[in-house]
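The following explanation leads the reader through the structure shown here, moving from helix packing to an overall description and then to the contacts of chains.

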Amino acid sequence: MVEVTNIRREFALPRHSLFAAPRRVVAVDGVSFSISRGDTFGLVGESGSGKTTIARMLLKLDLPSAGSVRFEGSDIFTQDRRQERIYRRSVQAVLQDPYGALSQRMQIGSIVAEPLRVQGLPRGEALAAAGRMLEAVGLGADTLNRYPHQFSGGQRQRIAVARALSVEPKVLILDEPVSALDVSVRAQILGLLREMQQRLGLTYLFIGHDLAIVKYMSTHVGVMYFGRIVEIGPASALFGRPLHPYTRKLVATAKGRQKLGEVRLTGEMPSPLAPPSGCHFRTRCAFAAERCAAEAPVLSELKRGHSVACHFAAELPEPA
Amino acid sequence: MTSREPPLISTTGLGVVYGKGANPVRAVADVAFTVLAGEIVGIAGESGSGKSTLCAALIRALPRAASLSGEVQYGGRDLYAVSPGELRRLRQRELAMVLQNPMTSLDPMFTIGDQLTEVLEVRDSGGDLRAKGIALLRRVHLTAPELRWSQYPHQLSGGMKQRVLIAMATASAPRLLVADEPTSALDATIQEEILLLLRDVRDAHGTAVIIVSHDLNALRRVCDRIVIMYAGRVVEDGPTEAVFSAPRHPYTRGLIASLPHLEDNDIVLSSIPGQVPDLTRLPDGCAFAPRCTDVLPTCGLQQPLSSGAGHRVFCWMAEVSS
Amino acid sequence: MSAIEQEAGGRGRPPMLALACCVLLVIVAVLGDIATPYAKDFADLSATLAPPFWQDGGSLAHLLGTDTLGRDLLSRLIAGTRISLLTAGAAIFVAGTIGVLLGLLAGYAGGLVDAIVMRAVDAFLALPFILMALALVAALGSGVENMILVMIVTNWARYARLVRSEVLSIKGRDFVTLARIAGLAPHLIAFRHILPNALNSITVLALLDIGRAIILESSLSFLGLGIQPPEVSWGLMLADGKAYMSFAWWITTLPGLTIVATVMAFNALGDWLKLRFDPRAAL
């Protein structure tokens, strides 16, 4: 349903002198993945890994420097106005910050009804639909006339979900939707999202930095590091037998078993201005060798549907 | 776990209220809590728990809009009765604080070296301040300390800045270090490093460390003791392993259950229904009662009292069953 | 802002004295000439230079005394209130509207448009007010309308700059991103989402500006470039009494005190509003 092919996003930094060539930062470096209808694709990575940039491109908030994104077969970056309108209806988002997502000055009803109004629905009908949506996410219809500051973080995310689903989209981009919420409330929102997916047959892109939560929600997972996908495969396979050293560290953290300091990543995260040559991860990898500096590893399929970008993936010792 | 030693810092009946008039906010209510020398204590809670306010109250760093009730005893003296001069001396030598956001804690106009020197001068160390400063940076595992000395804050990553802040805080081997969400603004892989560093500080200087965080897993790995807070009150307080393996308060149990955990190689998540109460409209009785699964009639009427000695809990159910 | 900061924000009640003064002034301005004990240009030549009632020679007939032509000072002060507040209000309203629109445009469009608008703003802010006023008056003549024009020309730039910086900071918030995702047209995003959220700052600026505008108007009128007789303005009254300061202090001083009190009252209100909107300023 959604097919991302080799997208790349570079940013030019302001120049220090007129004569120097502009420095470029590559935020996303040749990323490809696809999401089938009804699935959830999880994208895991730390801040700076490029995952949010990918989300922005999928939402047409940003143009890739290279590569393409296809939705239901057609390229999204060469759409006319009519097609773009349809796309905007089909792809919606729930973002990380529940406090910034809702305008303080608008009533909840108007906020939730807005996407419908943009699509052309008259006010009365849009508000009625908004009311139904709010009930579906577990908030009463009396929230229509209240203001955002009267609600908690978790409730605001529910409102954000109601708003996103009001136009009956096909795809939902979820960018760290529970990271800013209290731990005891996260499962409520995740449960809501899962329920909605079942009921409405939605397709999700779920972005996060906590592998446990991403795994909980996803059918397939891609692990990003420094703008590249280092491992990609079915969620249970990736979680059960992680192949890339970075993934293994994330899985160990998610499983929560190890004592403090047991699986240590050495070194600092490299600066985006000076990415390490060859494999970006080699500066922090316990298994790095000469080849890693010379040659960037390519994603290759080691098991069915499960690919990894590491020269030594097949030879690494089993994790404890 | 009784100790003959007097606690380093202790509070009785501590309360903090913001704002006057019709709807004051009870950020912290009735907190009695102690920290022994050399202990690492974690204060855990979610939004509205009052943990950051408690933290600020412990070292007399509350904003002016706050009114305090109760007492904070530091080293046997009432911290709030101490003269401003004496308070300053305490802050120079014995009390240190590391805050949540390393991005804003360092002055962007001065180099790391300048700021570290300033701290060293205030703490009255003589001699070659640069050498001392660089040694400090090395001790917090900052790579290439000589280079960092002449760099500006914006040239360092979040994790590096936090290390610098810890170096500044521990420059004079303080007796108490308070860290308010020291790892929240950092990436997951760096968080562990910072926590290890805090433990190193305790091991090297015998500094007592108070870590405030919403990340239970992190606290579990580093703390000797854990205090759980909800809606401004302490609900449970005991040795880390005891609290995690046998939590006595329903909120603690719910909180631990909310952490993603593994069952048959599958991730399981649960939540606590409802949300944190509005701090201006707290119910009589236990603030957690509306969300609790085992409620007694008394829960809605009166604040629970503490039961248990080494492992305290504030819950009517726990009292009944013990 | 955390819930705690929001609850504790602001000191609750506005400064009552300042609020009362402002309300009184507005009422007087609305009532205008109806509220004056005497007509504002009624010259009672038998009672010239009468001092205020608490001094020797004063009487309750003329509470604040009279000027050289026997005109009652209190009546003229009351009549002048309307002119002063009206011109200040009109100038701020128009300057504000122009400035806000241009600031929105610059902030939201960015790029070349932003650069052009901001250079214009810089230029206008750099010009000295008096010179501009003199030039405009020389070109257009004096009088109420021209004076309002002068005040608009010299003031719009501050609103533009403020709004532009607000737009830049609001633009980054998620609800704007979500509006774009919903497909909302840019001008609608600007007016429906960004502008309401910038309203707080704009209101504070406008309130603080009233005092400034009143002083501008008084200065111009004092110099003879603004309000002309038979209209009354506090600035004109200041000029009227200038020559008689040594023996009829009340003709100049009382209008002067009125100006000071008015400006202080509006400023106090503006300051309180600013604190109320951003309690962090107080902590």
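**Helix packing, overall form and chain contacts**

In chain C, helix α2 (residues 16-31) and helix α10 (residues 250-277) pack with their axes 8 Å apart, at an angle of about 120°. The model is a predicted one, in which local features need pLDDT of at least 70 and side-chain atom pairs count only at pLDDT 80 or more, while totals for chains, interfaces and linings use all residues. Residues are numbered from 1 along each chain as its sequence is written, and chains are lettered from A and ligands numbered from 1 in the order in which they are written.

Helices (H or I, at least four residues) and strands (E, at least two) are DSSP runs, numbered from the N terminus. Axes are lines fitted to C-alpha atoms, for helices over the stretch in contact, and angles run from 0 to 180 degrees between N-to-C directions. Angles under 35 degrees count as roughly parallel, over 145 as roughly antiparallel, 65 to 115 as roughly perpendicular and the rest as oblique; α2(C) and α10(C) are therefore oblique to each other. On the α2(C) side, Ala18(C), Leu19(C), Cys21(C), Cys22(C) and Leu25(C) are in contact (C-beta atoms, placed from the backbone, within 7 Å) with residues of α10(C), including Ala261(C), Phe266(C) and Leu269(C).

Helix α6 (residues 183-200) of chain A and helix α11 (residues 250-258) of chain B have axes that come within 8 Å and cross at roughly 55°. The helices α6(A) and α11(B) are therefore oblique to each other. Val183(A), Ser184(A), Arg186(A) and Ala187(A) of α6(A) make the contact with Gly254(B), Leu255(B) and Ser258(B) of α11(B). This contact of α6(A) with α11(B) has three nonpolar, three polar and one charged residues.

Chain B contains twelve helices and 14 strands. Its C-alpha trace spans about 65 × 55 × 45 Å along the principal axes.

Chain A also meets chain C: 17 residues of chain A are in contact with 13 residues of chain C. On chain A, α2 (81-90), β6 (91-94) and α3 (108-118) each supply at least two residues of the side that touches chain C. The largest share of that side, three residues, comes from α3(A).

Note on methods. Contact = placed C-beta atoms within 7 Å. Nonpolar A, V, L, I, M, F, W, Y, C, P; charged D, E, K, R; others polar.
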